[in-house]
Every structure is written in C-alpha cells, then in structure tokens.
Amino acid sequence: MKILHVDEQTLFRAGMCCILEPLDDDLTFLEAGDLPTAMNTLDRHDDIDLVLWDLCLTGPKGCAELKVIVDRHPAVPLVVLSASQEPERVKEAIASGAAGYIPKSTTRETLLNALRIVLDGGIYAPRM
C-alpha cells in the first residue's frame, strides 16, 4: 500500500508514518509539505492508494485545492486531516470530493478504522 501524506508540519508527517504502520505490512509512505510537491508526487506515482490532506495547508482555499486534486486523480481516495471539527468544514470537504474527514484530535484506533472504511470504498465523517 502506498500513502501520500500532505502536511506542512514535518514532525506530524513523521508521526503519522509510525501510526499508520498497522494498515499494511508493505506500507510505502510518501510525504509532501506543499501542494506543488503533492501534485508532482501524484503525477509521478500512478500506484498511490490514498492521499491524506491537511485542509489548513492552503488556508481558506483548502476545499478548492482539494477539488483540483480529486478532479485530477479521481481514482485515488483523499482523506482530510484537520484540526477543525466544524460541521460546515466537514460537509464542504465531502462535497468537494473527499472520501473522508478525520479530526487531528481523533484516537489512533478511530483513525485506522476510518482509513480502512475509505480504503474499502466507503466514506468516513466524524459524528457531529
């Protein structure tokens, strides 16, 4: 399994790599700290199974940028990781094409279960 994690915080990306190890015995974890690097990585790797996206990365244009990624790579599910738990933000992300929305305050177990739901073709959103 190959996951691309897009977040400007290097330490958070490193921590997520460790947290996600139980998802697959052969996990490849790619990282990007900005949108151009993420798009370049997606364009070069046609075997990415999942994108984890920090919605705050692009500020107020977050969902617009998310839609660009989803439109350009529709076969790759994208899951938003965000510090925001505002219901409007969750709805906007899902409406923009995200396959999931996971608050950064979520437990490890909930995170892994949510990602399994998305990887199985479902959509995950937190209870609001």
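Guide: A charge sits over a ring if NZ of Lys or CZ of Arg is within 6 Å of the ring centre and within 35 degrees of the ring normal. In this structure, Lys 104 lies over the face of Phe 12, at 4.5 Å from the ring centre. The model is predicted: local features need pLDDT of at least 70, side-chain atom pairs count only at pLDDT 80 or more, and totals for chains, interfaces and linings use all residues. Residues are numbered from 1 along each chain as its sequence is written, and side-chain values use heavy atoms, with hydrogens and water left out.

Visitor: How many aromatic pairs does the structure hold?

Guide: Rings of Phe, Tyr and Trp (its six-membered ring) pair if their centres lie within 6.5 Å; planes under 30 degrees apart count as stacked, over 60 as edge-to-face and the rest as tilted. The structure holds zero such pairs.

Visitor: How is the packing of helices α1 and α5 described?

Guide: Two packed helices are described by the angle between their axes and the distance between the axes. Helices (H or I, at least four residues) and strands (E, at least two) are DSSP runs, numbered from the N terminus. Axes are lines fitted to C-alpha atoms, for helices over the stretch in contact, and angles run from 0 to 180 degrees between N-to-C directions. Here α1 (residues 10-19) and α5 (residues 108-119) pack at about 75°, with axes 11 Å apart. The two helices are therefore roughly perpendicular; angles under 35 degrees count as roughly parallel, over 145 as roughly antiparallel, 65 to 115 as roughly perpendicular and the rest as oblique.

Visitor: Which residues make the contact between α1 and α5?

Guide: Contact means heavy atoms within 4.5 Å. Met 16, Cys 18 and Ile 19 of α1 meet Arg 108, Leu 111 and Leu 112 of α5.

Visitor: Is Trp 53 buried or exposed?

Guide: Buried means under 20% relative accessible area, exposed over 50%, partly exposed in between (1.4 Å probe, protein chains only). Trp 53, in strand β3 (residues 50-54), has a relative accessible area of 0% and so is buried. Its C-alpha lies 10.0 Å from that of Glu 8, 45 residues apart in sequence.

Visitor: Where do Leu 11, Lys 91 and Asp 43 lie?

Guide: Leu 11 belongs to helix α1 and is exposed because its relative accessible area is 74%. Lys 91 is in helix α4 (residues 87-95) and, at 55% relative accessibility, is also exposed. Asp 43 is in helix α2 (residues 35-44) and is partly exposed at 40%. Leaving aside neighbours within four places in sequence, Asp 43 is in contact with Arg 72 and His 73.
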